[in-house]
Amino acid sequence: MDLKFSKVTRKGPITIITLSRPEVYNALHIDAHFELNKVFDDFSADPDQWVAIVTGAGDKAFCAGNDLKWQAAGGKRGWDKGGFAGLTSRFDCDKPIIAAVNGVAMGGGFEIALACDLIIASDNATFALPEPRVGLAALAGGVHRLPRQIGLKRAMGMILTARHVSAKEGLELGFVNEVVPQAELMAAAERWAETICKNSPMSIRASKQAIQKGLEVSLEQAIAEQREYPAVKAMAASQDYIEGPKAFSEKRPPKWLGR
């Protein structure tokens, strides 16, 4: 696939996806959304890729959100079924996705990060949902994910004021997992990814799906239904389900197949 607005590199089972429109702070337009949707489709379908890291090109921005200049100039707005950046409406990917936020994460950029499972931020990162300042609303998941992740009042405080939040405050609020110096960001994100990859990918996918589906129903229903979730059933039918206990009993590192 010929990529114009993103870059993809692979390190073993880790896929690194870089939003690459640095001239506009990695803001995204319709063509970039469709390209990224295909990139995430490919990652989701590849059995040899277990974890993804999403970051932005350059040292100033993760993603400035929707390309408003493109829109104001008459550019068509829209995205594929995966949503903003091919990610914000992607509810069927059970593989972990890590946001490595290397600067500005505004509007849709913050919504991309919120759609990821972990957020690792550089110490110069800034987060906001400033859509009300330009007559819009954060409808690519921001107004729904942020209250679920940090609580209603804290989210209301951010959304209704459209204020900017530092990486340090994001850590305190609970939507950031770790803050590191900018020069160490990718190493930190890869460390998280590599630690995840030490575990069975089938177990990781089952765990992610069980968490997501379980949060949609009562605790009683979640526990009663969890063994019927597709990723949980796939885990129980996998070679990893046999390998894990066998490796433990033989006192050796497991050799995960991811299938």
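**Entry 1: the sheet**

I started inside the sheet, where the bridge partner of Val-54 in E5 is Ala-99. On the sheet itself packs H1, which touches E1, E2, E3 and E5 and whose direction makes about 175° with that of E2. Contact here means heavy atoms within 4.5 Å, and angles run from 0 to 180 degrees between N-to-C directions, with axes fitted to C-alpha atoms, for helices over the stretch in contact.

A note on ground rules: this is a predicted model, in which local features need pLDDT of at least 70 and side-chain atom pairs count only at pLDDT 80 or more, while totals for chains, interfaces and linings use all residues. Residues are numbered from 1 along each chain as its sequence is written, and side-chain values use heavy atoms, with hydrogens and water left out.

I then traced the whole sheet: 6 strands, open, with mixed pairing, in the order E1-E2-E3-E5-E7-E10. At the edges I found E1 (6–11) and E10 (178–180), each pairing on one side only.

**Entry 2: strand E3**

How many residues of strand E3 are buried? I counted 6 of the 6 in residues 51–56, so E3 is largely enclosed by the rest of the structure. Buried means under 20% relative accessible area with a 1.4 Å probe, protein chains only. Val-51, Ile-53 and Thr-55 point one way, and Ala-52, Val-54 and Gly-56 the other.

Next I checked the partners of E3. With E2 (residues 14–19) it pairs in the parallel sense over 6 bridges, and Ile-17 stands opposite Val-54. With E5 (residues 97–101) the pairing of E3 is also parallel, over 3 bridges, and Ile-53 stands opposite Ile-98.

**Entry 3: helices**

I looked at H4 (residues 142–150) and H5 (residues 152–161), which pack at about 140° with their axes 7 Å apart. Among the residues making the contact are Leu-146 of H4 and Met-158 of H5.

Last, I went to Lys-208 in helix H8 (residues 201–214). Is this lysine buried or exposed? At 11% relative accessibility, Lys-208 counts as buried. Leaving aside neighbours within four places in sequence, Lys-208 is in contact with Cys-93, Asp-94, Lys-95, Pro-96 and Asp-117.

Methods. Buried means under 20% relative accessible area, exposed over 50%, partly exposed in between (1.4 Å probe, protein chains only). Helices (H or I, at least four residues) and strands (E, at least two) are DSSP runs, numbered from the N terminus. Two strands pair if DSSP finds at least two bridges between them.
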